[in-house]
Amino acid sequence: MEGLKPEPGGWKRAGTDSQELEGGTFEIKAFAEGIQVFENIERFSEMKHLIEFQRKVIDYCADALMVVDKAGIIVYINDSFCEVHNVRIDEVLGKHVTDVIDNTRMHVVAQTCTAEHDHFQDISGQPYVVSRIPIVENGECVGVVGMIRFRYMEEVQLLTDKIRRLQKKIKDLRALRSAHLDTKYSFDNIIGVAEKIRLAKDICMQAAQTDATILLQGESGVGKEVFAQSIHAHSPRSGGPFIRLNCSAIQQSIIESELFGYEEGAFTGARKGGRKGKFELAHEGTIFLDEIGDMPLSAQVKLLRVIQEKEVERLGSEKLIDVDVRIIAATNRNLKEMVAEGTFREDLFYRLNVIPVVIPPLREVPEEIPRLAKSFWQRISRKHGIFHKVLTPRAILVLQNHHWKGNVRELKNVLERLLVMVRHDHICEQDVQRVLIQSTVSPENEDKMFDEGKFGLTALVEKTERRAIRSALATAEGNRSKAAKLLGISRPLLYKKMAKYGLDTQD
């Protein structure tokens, strides 16, 4: 059988010339093109079906939808949008959006490339909630999608009412559990590695597994509540409530009602139905009695009974209520001295001092300051959304050399002030020294500045200047040039003011 061989103009049977197969070549080519056309039609049909399916999905998801290009020309609008604006699709496609909608902002969003979410728009005298979202490709706005999220404001009102009901339920549930039940600290938050810190932490971790009463001792601001919460979180009672009471912040006349509760009519102004005390709220959990040294003697007697008998008696009631509570007490005072002075009961002291824990002040563990500063800095950076500022090594060195009378609480405050108030990115030693001086100059009690005979503005200015100069000299370790720089004045002026106030570097 004779074969076919390719020729420039088509296929040719071997042994024949090309004219003989010219008709056959055309038929073969037509057949191939027909197959291709059929495939294209089939593919187009599938694509058309997919586009139609996607359009239905979009129309279903969006109540009303419009798309314009970057010039503001309408390229798509669905039936719902036409219904809202009372137009027909064939009337608006290809027109500028401002020719169709009077108060539109679609073209503005296309120019600014800034999204507008959930804005109110008046359409034919009715308020609607609309959003306008730019379409961005390769960093350039190529169009805008506009959608009506709620066609009827009644829908918004229904959602608002539902949210309010849910919020009220949450509030009521929280009220039932008390505002003081939750804890946010654990031993992971105690990051110190100094020997004194590790000793305090180890004692607390070991004691946490028991119900033993713990007495936390330390200056104000060392973090006694952090330790107390960590003990509770690490204990078998962690699933129960953690109730706080600051004994120094409660008036002595009402501290007993706060601790033990009261019955209706127990005293003038008593709540109808009575009220549970802190010990009842802490049942099967932990109660943290902060500043226990400030508790009046009358309340100390009743507290001793609660510890011994594990039962409370509300004011105005003769009924005893059993309570299962773990007690953690804290103080910044020397309870032994108070016992000797007769201002704190000796029997209560020994009941509380089962496991004493001494938390060192910050000045005794200066090696912890860089680690604490880094941790606090990250936390307050997240709080304020400021992430580009950093502390220089010399700035941290100044922090280490400070006395820190307010301990960890003061350190947090100074770091937050530095982050918020210093304008440049790299916070240096001069910035820290300036903030520390301002903290020292600020009087602890402003009324002390207004002693008898010192109400004049001149006297107040002189008193403030004297404090500032003494603080600057102390920070600069007697270096007058450095002190003048910290104060922002010239060295001769510093000498003049030192002579005026009778100061020298020893002061």
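Predicted model: local features only at pLDDT ≥ 70, side-chain atom pairs only at ≥ 80, totals over all residues.
Residues are numbered from 1 along each chain as its sequence is written, and side-chain values use heavy atoms, with hydrogens and water left out.

Ile-214 is found in strand β8, residues 214-217. Helices here are DSSP runs of H or I with at least four residues, strands are runs of E with at least two, and both are numbered from the N terminus. Leaving aside residues up to four places away in sequence, Ile-214 touches Ala-207, Ile-231, Arg-326, Ile-327, Ile-328, Ala-329, Leu-352, Ile-355 and Val-357; contact means heavy atoms within 4.5 Å. Pro-356 is 142 residues from Ile-214 along the chain, and their C-alpha atoms are separated by 6.0 Å.

Now the whole chain. The secondary structure comes to 19 helices and 16 strands. Of the 507 residues, 38% count as buried. Among contacts between residues at least 6 apart in sequence, 61% join residues at least 24 apart.

Next, the cavity. On a 1 Å grid over the protein atoms alone, a cavity is a set of points where a 1.4 Å probe fits but cannot get out; a pocket is an open set with protein on both sides within 12 Å along at least five of seven lines; lining residues have an atom within 4 Å of a point. Points are joined across faces, edges and corners, and a volume is the space filled by probe spheres set on them. How many cavities of 30 Å³ or more does the structure hold? It holds 1. The largest cavity has about 100 Å³ of space. Its lining is 14 residues, with Phe-81, Met-106, Gln-121, Val-130 and Arg-132 nearest the centre. At least two lining residues come from each of α2 (79-85), β5 (116-123), β6 (126-137) and β7 (140-150). By class, this lining has 8 nonpolar, 5 polar and 1 charged residues. Ala, Val, Leu, Ile, Met, Phe, Trp, Tyr, Cys and Pro count as nonpolar, Asp, Glu, Lys and Arg as charged, and the others, Gly among them, as polar.

Take Gln-121 from that list. Gln-121 sits in strand β5 and, at 11% relative accessibility, counts as buried. Its contacts beyond four places in sequence include Val-130 and Arg-132.

The second largest pocket holds about 710 Å³ of space. Of its 33 lining residues, Gly-221, Val-222, Gly-223, Val-226 and Val-408 lie nearest the centre. Helices α7 (224-233), α13 (369-384) and α15 (407-421) each give two or more residues to the lining. By class, the lining has 15 nonpolar, 9 polar and 9 charged residues.

Last, a helix pair. Helix α18 (residues 480-487) packs on helix α19 (residues 491-501) at about 95°, with the axes 9 Å apart. Axes are lines fitted to C-alpha atoms, for helices over the stretch in contact, and angles run from 0 to 180 degrees between N-to-C directions. That makes α18 roughly perpendicular to α19; under 35 degrees counts as roughly parallel, over 145 as roughly antiparallel, 65 to 115 as roughly perpendicular and the rest as oblique. Arg-480, Ser-481, Ala-483, Ala-484 and Leu-487 of α18 meet Arg-491, Leu-494, Tyr-495 and Met-498 of α19.

Note on methods
Buried < 20%, exposed > 50% of the residue type's maximum accessible area, 1.4 Å probe, protein only.
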